[in-house]
Amino acid sequence: MTLTKNDISGLYTAIVTPFKSDKSIDHKALADLVTRQLAAGATGIVPIGGTGEYPALSREERKDIVKTCVDAAGTAPVIPGVLSTGFPDAVEAGRDFAKVGAAGVMTVTPYYAAGTQDGMREYFANYRNEVGVPVLLYEIPRRTTVSTKAETIQAMAEDGSIIGMKCSNYDMPEFIKTMKLAGDKMAILSGEEPLFATHVTLGAKGGVLASANVYPKIWIEIFNLARNGKLHEALNLQKQLDNAIDAIFRETNPGPLKKYMEMAGQPVGGVRLPLEDPSEVTIKALKSAFDTASLANVA
């Protein structure tokens with residue numbers, strides 16, 4: 001079955017890539033992580049994006065990771081991130097992932113050689129034709145320095161280039177405008193934990209969240225409250241995760257997140273260069289946040 005905008009709803013966990021002590025990929029730990037997430041109620045899995053350390057992986061490693069996730073996920077959709085800077089590399093990755101069973105791909109806006117709005121629209125139109133699977137736009141301006149305007153996103157949805165997007169953007173007026181122009185034409189997903197409940201209340205169909213590696217159930221509960229218009233209750237529940245979110249994102253993701261997972265009894269190894277394990281100050285913040293969350297019975 002081909003993934004459509006109507007199929008996308010709920011929590012999609014942006015999973016980490018587990019490594020062994022020699023920094024090779026731990027495929028058993030990866031499959032176990034996928035299984036736990038889906039058992040907890042996640043709708044789907046988003047591997048090898050930023051949280052999965054895409055830039056630190058080889059082409060074959062990325063393909064093997066997606067295959068492991070697809071095999072472990074059963075009928076649940078696996079939508080890997082594509083963070084390649086150039087069109088040929090991005091197409092190559094998309095085709096690789098399609099061959100091993102990915103339901104779609106979540107492709108970042110072209111960066112470094114950043115194009116115009118028209119250029120991005122044409123990029124995604126050509127990309128969808130080349131990869132042969134549904135595409136979700138991944139917009140994260142703080143990493144790419146590229147912002148996609150609401151009008152461009154609307155045009156991309158109308159072109160049939162994208163069926164959805166992950167919005168990792170703190171520009172709320174632009175988000176609201178995007179919902180107005182394209183919310184009925186595609187599935188918009190929140191990519192920011194602090195804004196998740198608000199995004200959902202405003203019409204987002206769900207979210208792609210890294211901290212769900214540890215706390216999928218509470219994020220699903222927050223989602224259900226928010227989509228039923230209970231924003232105040234959702235935000236109150238989200239407060240239980242505030243310290244954890246702050247600590248996990250003190251340094252470049254996913255170093256602190258992996259350390260936090262270890263504290264939670266889910267060891268997934270360290271990170272690959274150029275990332276490093278979190279500093280002692282961050283580890284102290286992570287420990288404090290984990291203790292606070294445990295006292296609040298967050299699980």
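Two strands are taken as paired if DSSP finds at least two bridges between them. Helices (H or I, at least four residues) and strands (E, at least two) are DSSP runs, numbered from the N terminus. The structure is a predicted model, in which local features need pLDDT of at least 70 and side-chain atom pairs count only at pLDDT 80 or more, while totals for chains, interfaces and linings use all residues. Residues are numbered from 1 along each chain as its sequence is written, and side-chain values use heavy atoms, with hydrogens and water left out.

The protein contains 13 helices and eight strands. The C-alpha trace spans about 50 × 45 × 35 Å along its principal axes. Of the 299 residues, 54% are buried, where buried means under 20% relative accessible area, exposed over 50%, and partly exposed in between (1.4 Å probe, protein chains only). The accessible surface comes to about 12,700 Å², and carbon and sulfur atoms account for 50% of this area. Accessible areas were computed by the Shrake-Rupley method with a 1.4 Å probe, and for residues only the protein chains shown count as cover.

Contact is defined as heavy atoms within 4.5 Å. Among contacts between residues at least 6 apart in sequence, 72% join residues at least 24 apart. The side chains include 31 positive and 34 negative ones, and the centres of the two sets lie 3 Å apart. In this count Lys and Arg are positive and Asp and Glu negative, with His and the chain ends not counted; each charge is placed at NZ of Lys, CZ of Arg, CG of Asp or CD of Glu.

The eight strands form an open sheet in the order 2-1-8-7-6-5-4-3, with parallel pairing. Strand 2 (44-46) and strand 3 stand at the edges, and each has a single partner strand, so one side of each is left without a neighbour in the sheet. Strand 3 (residues 81-82) pairs with strand 4 in the parallel sense over two bridges, and Gly81 stands opposite Met106 of strand 4. In strand 4 (residues 105-108), Val105 and Thr107 point one way and Met106 and Val108 the other way, and all are buried.

Strand 6 (residues 164-167) and strand 7 run parallel and are joined by four bridges, with Ala187 in strand 7 as the bridge partner of Gly164. From strand 7 (residues 187-190), Ala187 and Leu189 point one way and Ile188 and Ser190 the other way, all of them buried. Strand 7 also pairs with strand 8 (residues 206-209) in the parallel sense, over two bridges; here Leu189 stands opposite Gly206. Both faces of strand 8 are covered, with Gly206 and Val208 on one side and Gly207 and Leu209 on the other, all buried. Strand 1 (residues 10-14) runs parallel to strand 8 and is joined to this strand by four bridges. Gly206 is the bridge partner of Gly10 in that pairing.

Most residues other than glycine have a negative phi, and most peptide bonds are trans. In this model a cis peptide bond joins Asn253 and Pro254, with omega about 15°. Pro254 is placed in the loop between helix 11 (242-248) and helix 12 (255-263). Another cis peptide bond, also with omega about 15°, joins Leu273 and Pro274, and Pro274 is placed in the loop between helix 12 and helix 13.

Positive phi values occur at Lys23, near 70°, and at Glu53, near 65°. Lys23 is found in the loop between strand 1 and helix 1 (27-40) and is partly exposed, with a relative accessible area of 34%. Glu53 is found in the loop between strand 2 and helix 2 (59-73) and counts as buried at 3% relative accessibility.

Thr282 lies in helix 13 (residues 280-295) and is buried, with a relative accessible area of 1%. Leaving aside neighbours within four places in sequence, Thr282 is in contact with Ala247, Arg250, Glu251 and Pro256.
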